[in-house]
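Dear colleague,

Please find below the structure that I am passing on to you, together with its sequence. My notes on it follow directly after.

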Amino acid sequence: MQRHLISAADLTRDDAVLILDTAEEMARVADRPIKKLPTLRGRTVVNLFFEDSTRTRISFEAAEKRLSADVINFTAKGSSVSKGESLKDTAQTLEAMGVDAVVIRHGASGAPYRLATSGWIDAHVINAGDGTHQHPTQALLDAFTMRRRLVGRDAGLGKDLDGRRVTLVGDILHSRVARSNVDLLHTLGAEVTLVAPPTLLPVGVETWPCDVSYDLDSTLTKSDAVMLLRVQRERMNAAFFPTEREYSRRYGLDGDRMAKMPDHAIVMHPGPMVRGMEITAEVADSDRCTAVEQVTNGVSIRMAVLYLLLGGNEPAVTHARTTEEK
């Protein structure tokens, strides 16, 4: 493992599989009466969030506490950032407090990379989402969910997603989740197809390691997993499609469309989902939808990332079993 986790593109196949296998061991901790490991005892982790977040922030905090880390939560609202303090000054303040790792979410693409490479802080940096750029732990938890559902919990250990066909549908243009998933799934051997209106595809998408389609129905019959992405209106400054009804009619997943998918195929959503827009309530509440499962898996993945960055590279199974025996 490298010192920081900034982009899913930085991970090799072996790195990614190591994280997924470690997360499988961490998931077993959640099944115990006491969901704690002493791995990061005495380490301090700061959750530095400059953007609103529910799932990611709580997931990271739960992961850190289950590894016995000391956790400091920082939000831009109500801090000196609202008074005009720069990222550099905030970083140097954290450095002066002796933090060991920083989990950062920022509205500006490249902010985590700047923090990791600037020399402002001598701590591990984990990107929890930067602008429309990357969200590597989301891609990892999505891959973890796919491997568990499509390959098997135990059968998947040591394996990737070679040959699996994954379709990402929706607002690709503004989605850091889409970019991260394309990078990671390609590394793991999956075949990725992006489906969106032409206006919601980024310039240069033809250079990405994936296929592009404008027709959702033609891709459903051959997909092992279909991931729906929310239309991010907060990042839009123009009209990218005529009406919500037309978008939903062409790119939304309802019961009839879900019936066209193979029996083993799953429906995924990184959240927050807008029911009635990209996904109907019928699909969202079906057994094939993994949205809630993804949240659960997110804690295991983030425990694995923190463990490997801060706790060492010994196999997690050895550490977990030794702790359990004590």
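Contact here means that heavy atoms lie within 4.5 Å. The model is a predicted one, and the notes below should be read with that in mind.

**His106 and its surroundings**

By that criterion, and not counting residues up to four places away in sequence, His106 touches Phe50, Glu51, Ala111, Gly129, Asp130, Gly131 and Arg176. His106 belongs to strand β3, which covers residues 101–106. With a relative accessible area of 17%, His106 falls under the 20% limit and is therefore buried. His106 and Asp52 are 54 residues apart along the chain, and their C-alpha atoms are separated by 9.3 Å.

**Met227 and the cysteines**

Strand β8, residues 225–228, contains Met227. Met227 has a relative accessible area of 0% and is buried. Leaving aside neighbours within four places in sequence, the residues in contact with Met227 are Asp142, Met146, Thr167, Leu168, Val169, Val177, Asn181, Met268 and Pro270. Met227 and Cys289 stand 62 residues apart in sequence, while the distance between them in space is 9.6 Å, C-alpha to C-alpha.

Cys289 is itself buried, at a relative accessible area of 12%. Cys210 is likewise buried, with a value of 15%. How many disulfides does the model contain? Taking a pair of cysteine sulfur atoms within 2.5 Å as the rule, the count comes to zero.

Two packed helices are described by the angle between their axes and the distance between the axes.

The crossing of α2 past α11 is right-handed. On the α2 side, the residues involved are Arg55, Thr56, Ser59, Phe60, Ala62, Ala63, Glu64 and Arg66; they meet Val295, Gly298, Val299, Arg302, Met303 and Leu306 in α11. By class, this contact of α2 with α11 comprises seven nonpolar, three polar and four charged residues.

The contact of α5 with α11 divides into five nonpolar, six polar and five charged residues.

**Backbone points in two loops**

Which peptide bond is cis? The bond from Gly271 to Pro272 is cis, with omega near -5°. Pro272 is placed in the loop between β9 (266–268) and α10 (281–284).

Ser68, a residue other than glycine, has a positive phi, near 70°. Ser68 sits in the loop between α2 and β2 (70–75). At a relative accessible area of 15%, Ser68 is buried.

With kind regards

Definitions and conventions
Residues numbered from 1 in each chain as written. Predicted model: local features only at pLDDT ≥ 70, side-chain atom pairs only at ≥ 80, totals over all residues. Heavy atoms only, no water. Left-handed = near helix turned anticlockwise from the far one by under 90°. Helix = DSSP H or I, 4+ residues; strand = E, 2+ residues; numbered from the N terminus. Nonpolar A, V, L, I, M, F, W, Y, C, P; charged D, E, K, R; others polar. Buried < 20%, exposed > 50% of the residue type's maximum accessible area, 1.4 Å probe, protein only.
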